[in-house]
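Notebook open, structure loaded. I'm jotting down what I look up as I go.

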Amino acid sequence: MIKKLTAAVFALSMAFPSIADVLQVRQDAPDEYVVQEGDTLWDISSIYLDQPWLWPQLWRLNPQIDNPHLIYPGDKLSLVYDEEGRPMLVMNQKYKKLSPTIRKTMKKSDAVPTLPLEIIRPYLTYEQALSNEYILQQPVVLGANESVKNFQSDHIVYVKGDLERSRFYGVYRKGDAYVDPTTEEVLAHEAILVGTAKAFRTGDMENAVAASARLKNVKREVKQGDFLLPAFEGQSLPAFFTLTRPEAEVNGTIIASANKLREFSKLDVVIINKGKFDSLKPGNILDISRTSPTVIVSEEGAKYKEDASRYEKTFDGSWLGNEDQTSKTWKMPAEKVGELMVFKVYDKVSYALVVKTLRPIRVGDEVNVNL
């Protein structure tokens with residue numbers, strides 16, 4: 001079912017008016033490429049461009065491919081240049097004639113998608129980042145029709161809150177806090193979907209009458225204290241992602257990862273400490289950078305900070321502005337280590353997909369766009 005959705009959901013487009021007229025193609029880009037099973041437009045564009053989010057510029061001049069989303073495994077693409085020296089990918093017509101049945105037998109759902117939807121779909125449709133205040137306002141599970149602490153499918157659960165009869169709800173558990181590393185502010189809490197339920201009895205908060213719902217699909221055992229949200233609230237799949245750089249300057253940090261590891265790679269999902277309040281939008285492309293290791297220079301020469309002695313660290317004169325001290329700290333610049341695409345935005349945090357890595361990405365790496 002996921003594969004059937006990919007081509008429709010990821011109909012991406014973008015415009016970069018500030019980009020130079022001549023698109024820069026990678027030096028190792030092939031003259032021809034045969035589309036493979038499992039390819040995405042992002043993958044193909046990465047073969048030709050160092051900045052694959054610029055892929056529409058590579059396809060938009062092509063009269064043979066009005067909709068680049070409708071290319072299929074087996075299609076042969078050729079890199080050509082127009083009379084002004086601008087590169088573009090075209091369909092190799094001669095190659096198509098050798099395989100006349102390809103387009104007749106391929107279903108529309110087999111068209112090459114822009115990005116692998118199956119990776120981020122759970123985060124688009126289920127996982128959420130919510131404020132503690134918002135969570136506290138939602139209906140909460142009090143107990144069940146049996147004296148157990150963990151509830152399974154078909155259990156009846158009783159809920160503190162007013163539910164709408166016959167409506168489906170997602171049952172969520174409050175997860176980890178997303179904390180800003182600089183201000184230590186709690187930006188949001190992870191909301192983990194543990195199951196679904198259908199309400200069959202409304203509640204009455206004023207008279208302390210619990211609402212009732214039957215658990216339908218339980219991913220994890222439901223517990224007292226879990227909260228409910230109407231099904232599909234905050235879970236809609238976007239029809240389009242417009243890949244762009246943010247309109248305002250962004251300087252943030254990767255504060256967590258979906259896999260709970262501290263180091264991750266391409267196509268992993270991460271959480272950053274910037275959101276709607278920072279003018280971020282789904283489809284924004286950000287650079288990932290990392291500050292190079294600090295160096296302390298003393299009479300014994302240059303050493304990385306972790307290798308310097310306690311004396312060299314303690315008597316670092318740079319904080320006094322004294323050039324005559326025995327050692328001085330040199331702060332190194334940040335270097336780019338990858339790129340990410342924001343795909344789900346909340347007030348103060350966003351979910352993003354790592355789309356390019358030059359080094360393994362880590363929690364604590366900076367995300368930025370400097371205009």
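**Entry 1: strand β3**

I began with β3, where five of the five residues are buried, so this strand is largely enclosed by the rest of the structure. Buried, in these notes, is under 20% relative accessible area, exposed is over 50%, and partly exposed is in between (1.4 Å probe, protein chains only). Strands (E, at least two residues) and helices (H or I, at least four) are DSSP runs, numbered from the N terminus. I then checked both faces of β3: Pro87, Leu89 and Met91 are buried on one side, and Met88 and Val90 are buried on the other.

A note on the source: this is a predicted model, in which local features need pLDDT of at least 70 and side-chain atom pairs count only at pLDDT 80 or more, while totals for chains, interfaces and linings use all residues. Residues are numbered from 1 along each chain as its sequence is written, and side-chain values use heavy atoms, with hydrogens and water left out.

**Entry 2: the sheet around β3**

Which sheet holds β3? I found an open one of three strands, in the order β1-β2-β3, with antiparallel pairing. β1 (32-34) and β3 (87-91) are at the edges with a single partner strand each, so one side of each has no neighbour in the sheet. From one strand to the next, the twist averages 25°. (Angles run from 0 to 180 degrees between N-to-C directions, with axes as lines fitted to C-alpha atoms, for helices over the stretch in contact.)

Next I looked at the pairings; two strands pair if DSSP finds at least two bridges between them. β1 is joined to β2 (residues 76-81) by three bridges, antiparallel. β2 and β3 also pair antiparallel, over five bridges, and there valine 80 stands opposite methionine 88 of β3. Five residues lie between the strands in the β2 and β3 hairpin, where glycine 85 has a positive phi near 80°.

**Entry 3: serine 78**

I stopped at serine 78, which sits in strand β2. It is the bridge partner of glutamate 32. Is serine 78 buried or exposed? At 10% relative accessibility, serine 78 counts as buried. Setting aside neighbours within four places in sequence, I listed the contacts of serine 78 (heavy atoms within 4.5 Å): Asp31, Glu32, Met88, Leu89, Val90 and Asn92.

**Entry 4: helix α2 and the cores**

Which helix residues are buried in α2? I got Leu41, Trp42, Ile44, Ser45 and Tyr48. These residues cover an arc of only 160° around the axis, which puts them on the same side of α2. (The arc is that of the directions from the helix axis to the C-beta atoms.)

Then I went to the nonpolar cores, meaning sets of buried Ala, Val, Leu, Ile, Met, Phe, Trp, Tyr and Cys residues joined through side-chain atoms within 4.5 Å. The largest has 44 residues, and Ile44, Tyr48, Trp59, Tyr178, Val349 and Tyr351 touch the most other members. Apart from that core lies another of 18 residues, among them Phe264, Ile272, Ala352 and Val354.

**Entry 5: the barrel**

I also traced a closed barrel of six strands, β13-β15-β21-β20-β16-β23, with antiparallel pairing. Its twist averages 45° from one strand to the next. Three bridges join β16 (residues 285-291) to β23 (residues 366-369), antiparallel, and aspartate 287 stands opposite asparagine 368 in β23.

**Entry 6: two positive phi values**

Most residues other than glycine have a negative phi. I noted two that go the other way. Aspartate 154 has a phi near 80°; it is in the loop between β6 (150-151) and β7 (156-160) and counts as exposed at 52% relative accessibility. Glutamate 184 has a positive phi of about 65°; it is in the loop between β8 (168-179) and β9 (186-201) and is exposed, with a relative accessible area of 64%.

**Entry 7: whole-protein totals**

The secondary structure comes to eight helices and 23 strands. Of the 371 residues, 45% are buried. Among contacts between residues at least 6 apart in sequence, 70% join residues at least 24 apart. The protein exposes about 20,000 Å², with carbon and sulfur atoms supplying 50% of that; accessible areas come from the Shrake-Rupley method with a 1.4 Å probe, and for residues only the protein chains shown count as cover.
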